[in-house]
Amino acid sequence: MQANDQFRKFLFEHSQIRGAWVHLTDSYSEILAQTTYPTPVTRLLGESLAASVLMSSTLKFHGTLSLQANGDGPITTLLAECSHDRHIRGIARFENADDASGDNLNELLGQGRMAITITPEQGQRYQGVVPRESDTLAGALEEYFERSEQLATRLFLFADGEQCAGLLLQRLPGATEEDDELWERVAHLAATISADELLGLDSETVLHRLFHEEEVRLFDREPVAFRCTCSRERTLAALQSLGKEECYNILEEQGSIEMDCQFCHAHYQFQRIDIDQLFSGHTLH
């Protein structure tokens, strides 16, 4: 039986090869409930959410990893984000929903840019461009790791509108000749996984089916949950970046400033006294 919203790391003993598995149901449903999406959009957003969890697990930092894309295709904006404590959120914007058919990444996004952004709680923000030569998100991200990180990586991502799941295999620096053989073997075995298996089976069953002849160490389960990082303070900071003149112009026209979070639809309202305090150098409340 499958468990909801879980992530697990694993590694192949005595080698420089690691892996990770993720399965999302409740958090995926909560994110989809924010907007009515066409089927291909729900699938790509689900794959992106699973990918963000898997990729965040490869980093040693406190902060967030986000996968974002903008294009001129049926899906104009895609964003999936995961924090170090496995809190996720995501959104997609689309036009001509009737044209959003199929699962081809480049047909869905059209011409545009895809990037991975790493935002640590302390230190410098990093952004890397994801190649768009593959027709699948998994293939594009494999290319990213190969080119940007020089790490051989295999990714398997599936989503069906109700649940999404992913499997990652990755070679670490310092691999030996024995690792070469092991990598070829486990990568070939992983490629036999089906959508039904990855979406419907728990981590132990998946890894046993694929790698029962290998020595695999499976780490403890970690919960994954939908959680938005919006707040009144962050919304005020966004208004501050908008500028004093623009904020007061909105106040003159509308009497107050109202903003909704695009991820969770939280509603924030600010009166003139709030804007006065914002631009008088007072502490944000």
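Leaving aside neighbours within four places in sequence, which residues is Ile 17 in contact with?

## Ile 17 and its surroundings

Ile 17 is in contact with Leu 11, Phe 12, Gln 170, Arg 171, Asp 179, Leu 182 and Trp 183, leaving aside neighbours within four places in sequence. Contact means heavy atoms within 4.5 Å. Ile 17 lies in strand 2. Its relative accessibility is 2%, so Ile 17 counts as buried. Buried means under 20% relative accessible area, exposed over 50%, and partly exposed in between (1.4 Å probe, protein chains only). Ile 17 and Trp 183 are 166 residues apart along the chain, yet their C-alpha atoms are separated by 7.3 Å.

## Basis of the model

This is a predicted model, in which local features need pLDDT of at least 70 and side-chain atom pairs count only at pLDDT 80 or more, while totals for chains, interfaces and linings use all residues. Residues are numbered from 1 along each chain as its sequence is written, and side-chain values use heavy atoms, with hydrogens and water left out.

Six strands form an open sheet with mixed pairing, in the order 7-6-3-4-5-12. Its edge strands are strand 7 (126-129) and strand 12 (225-226), each pairing on one side only. Helices (H or I, at least four residues) and strands (E, at least two) are DSSP runs, numbered from the N terminus. Two strands pair if DSSP finds at least two bridges between them.

Strand 3 (residues 63-71) pairs with strand 4 (residues 75-83) in the antiparallel sense over seven bridges. A hairpin of three residues joins strand 3 to strand 4. Thr 64 has Ser 83 of strand 4 as its bridge partner. Asn 70 has Thr 77 in strand 4. Strand 3 also pairs with strand 6, again antiparallel, over nine bridges. There, the bridge partner of Gly 71 is Gly 112. Eight of the nine residues of strand 3 are buried.

Helix 2 (residues 39-56) packs on the sheet. Helix 2 touches strand 3, strand 4, strand 5 (87-94) and strand 6 (112-120), and its direction makes about 30° with that of strand 4. Helix 4 (residues 137-149) packs on the sheet too, touching strand 3, strand 6 and strand 7. The direction of helix 4 makes about 115° with that of strand 7. Axes are lines fitted to C-alpha atoms, for helices over the stretch in contact, and angles run from 0 to 180 degrees between N-to-C directions.

## Glu 81

Glu 81 is in strand 4. Glu 81 is buried, with a relative accessible area of 12%. Among the residues it touches are Ser 52, Thr 64, Arg 89 and Thr 229.

The largest nonpolar core has 49 residues. Ile 116, Leu 141 and Leu 157 have the most contacts inside it. Helix 2 gives the largest share, nine residues. A nonpolar core is a set of buried Ala, Val, Leu, Ile, Met, Phe, Trp, Tyr and Cys residues joined through side-chain atoms within 4.5 Å.

Apart from it lies another core, of 20 residues, including Phe 12, Trp 21, Val 186 and Phe 211.

## Helix 7

In helix 7 (residues 203-211), the buried residues are Ser 203, Val 206, Leu 207, Leu 210 and Phe 211. Seen down the axis, they fall within an arc of 90°, so they line one face of the helix. The arc is that of the directions from the helix axis to the C-beta atoms. Their cover includes strand 1 (6-12), helix 5 (177-190) and helix 6 (195-200).
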